[in-house]
There are 2 protein chains.
Amino acid sequence: MREAYREQLDGITEGLVEMSRLAGTAMGRASTALLDADLTLAESVIAADDAVDELYERIEQQAFDLLALQQPVAGDLRAVVAALRISATLERMGDLAEHVAGVARRRYPASVVPPELRGTLLEMSQVAERIVQKAGSVIASQDVETALELEADDDRMDDLHRKLFTVMLDKDWKHGVETAVDISLVGRYYERYADHGVSVARRVVYLVTGEKFEDVLQRQE
Amino acid sequence: MREAYREQLDGITEGLVEMSRLAGTAMGRASTALLDADLTLAESVIAADDAVDELYERIEQQAFDLLALQQPVAGDLRAVVAALRISATLERMGDLAEHVAGVARRRYPASVVPPELRGTLLEMSQVAERIVQKAGSVIASQDVETALELEADDDRMDDLHRKLFTVMLDKDWKHGVETAVDISLVGRYYERYADHGVSVARRVVYLVTGEKFEDVLQRQE
């Protein structure tokens with residue numbers, strides 16, 4: 001039974017890594033659609049979200065089968081419960097990428113992105129992709145060191161998010177209300193995406209070490 | 001074992017109902033804080049979110065214990081997996097209420113809410129409370145009829161959400177960029193809150209009937 005359990009859990013883990021890859025590709029493409037006002041790309045991101053949702057349902061079914069057939073306990077059971085949580089988080093990350101693409105689509109052929117925010121949004125998209133990539137690698141390798149790096153990436157995302165607001169709320173802002181509203185929503189999507197990525201890593205750290213993220217971080221300082 | 005299982009599952013269900021109650025109270029109070037620019041109330045909502053998070057962790061532990069000790073299969077197992085999902089959704093609803101309170105706090109002593117949007121936001125808060133109340137009652141009673149009602153409530157929320165944008169993007173909007181940004185975020189929080197409430201009901205319907213929400217709805221039409 002132990003070996004069957006291991007095989008089934010590996011299958012679930014592979015599904016989670018694949019989900020993180022899809023959520024990463026989606027955010028990368030959504031960001032390009034946003035920055036380049038590319039309607040076709042935006043629509044392809046929106047259509048591709050179904051694949052994330054299907055994978056999510058498949059993982060839940062796999063977890064269900066594993067619980068029913070193997071009846072794992074202790075650490076084994078904890079890993080399955082964590083996988084359920086992580087799949088839900090990755091599914092939401094896919095949704096957030098879809099939302100970014102949705103803003104690009106809604107404003108097409110206009111661009112949502114004013115020149116003075118282009119650099120900030122580009123970096124937000126890069127940080128988002130870095131975070132999901134690390135999250136995927138943490139799921140695959142259970143590498144606690146990489147997980148801890150995500151905290152700094154998330155801080156960077158928060159700085160960039162704040163910067164958006166500083167620019168939009170400046171008296172020299174000349175791009176009007178609609179652009180400000182769209183940018184504030186897009187900013188929120190990136191910021192949430194990053195948070196979710198970190199929460200995936202937190203789950204893995206807790207699973208591997210039995211300790212909270214903050215405690216592991218603190219001990220390392 | 002069957003009776004022990006039933007008792008433990010009832011304990012989890014009670015926890016979920018309590019979470020929905022807390023998430024509802026939080027959104028009700030956050031809405032008042034927003035509409036009345038009440039700092040003390042906003043801060044009390046933010047402080048109270050810890051209780052939701054603790055309950056969320058307790059439910060996960062209870063589910064874990066139940067899985068480990070009772071090793072349920074089939075429908076019993078499905079109920080526990082659904083409870084895990086529902087608790088995660090209710091936790092996010094609590095977060096969204098906290099975010100609404102956060103906007104009220106950030107803008108204090110100014111009010112975020114311009115007179116012409118007061119009615120719309122008030123109704124959004126009422127729909128949000130109705131939805132969470134029904135979601136709680138669906139969890140407690142597994143009442144499919146009430147679950148199906150939520151679809152109409154969610155449609156109403158979407159209409160109100162769209163109305164916010166119509167007003168903000170009108171050329172006569174005179175409340176500036178900062179207010180528009182805040183309102184668009186608050187609008188998003190209500191809309192997400194409603195969606196999450198509906199997804200709780202969907203889970204219960206699927207659990208009870210083995211069918212997707214849409215299919216049950218369609219058959220009734």
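1. Just after α1(A), Ala37(A) takes a positive phi of about 50°. Keep in mind that this is a predicted model, so treat the angle as a computed one.

2. Helix α1 of chain A covers residues 2–36, which makes 35 residues. From first C-alpha to last it reaches 51 Å, close to the 51 Å expected at 1.5 Å a residue.

3. As for the rest of the fold, chain A comes to seven helices and zero strands. Reading from the N terminus, the elements go α-α-α-α-α-α-α. The radius of gyration is 19 Å, close to the 17 Å that the globule rule gives for 221 residues, so chain A is as compact as a globular protein of that length. Along the principal axes, its C-alpha trace spans about 65 × 45 × 20 Å.

4. How much of chain A is buried? Of its 221 residues, 43% are buried. On contacts in chain A with a separation of 6 or more, 82% come from residues 24 or more positions apart.

5. Now the inside. The largest nonpolar core has 131 residues. Those with the most contacts inside it include Ala23(A), Ala83(A), Ala97(A) and Val100(A), along with Ala23(B), Ala97(B) and Val100(B). Helix α3 of chain A (residues 74–107) gives the most to this core, with 15 residues. In soluble globular proteins, nonpolar side chains tend to be buried together.

6. Leaving aside residues up to four places away in sequence, Ala97(B) touches Ala23(B), Ala26(B), Met27(B), Ala30(B) and Val45(B).

7. How are the two chains related? A rotation of 180° with 0.0 Å of shift along its axis superposes chain A on chain B, with an RMSD of 0.0 Å. The two copies are thus related as by a two-fold rotation axis. The same surface serves both copies, as 100% of the contact residues of chain A recur in chain B.

8. Last, the contact between the chains. Chain A and chain B put in 20 residues each. On the chain A side, the elements giving two or more residues are α2 (39–70), α3 and α6 (176–209). Among these, α6(A) gives the most, with seven residues. The chain A side divides into 15 nonpolar, two polar and three charged residues.

Definitions and conventions: Residues are numbered from 1 along each chain as its sequence is written. Chains are lettered from A and ligands numbered from 1 in the order in which they are written. This is a predicted model: local features need pLDDT of at least 70, side-chain atom pairs count only at pLDDT 80 or more; totals for chains, interfaces and linings use all residues. A nonpolar core is a set of buried Ala, Val, Leu, Ile, Met, Phe, Trp, Tyr and Cys residues joined through C-beta atoms within 7 Å. A residue is buried if 20 or more other C-beta atoms lie within 10 Å of its own, exposed if 12 or fewer, and partly exposed in between; C-beta atoms are placed from the backbone. Helices (H or I, at least four residues) and strands (E, at least two) are DSSP runs, numbered from the N terminus. Two residues are in contact if their C-beta atoms, placed from the backbone, lie within 7 Å. The expected span of a helix is 1.5 Å times one less than its number of residues. Copies are superposed by least squares on the C-alpha atoms of residues with pLDDT of at least 70 in both. Ala, Val, Leu, Ile, Met, Phe, Trp, Tyr, Cys and Pro count as nonpolar, Asp, Glu, Lys and Arg as charged, and the others, Gly among them, as polar. The radius of gyration is taken over C-alpha atoms; the globule rule is 2.2 Å times the number of residues to the power 0.38.
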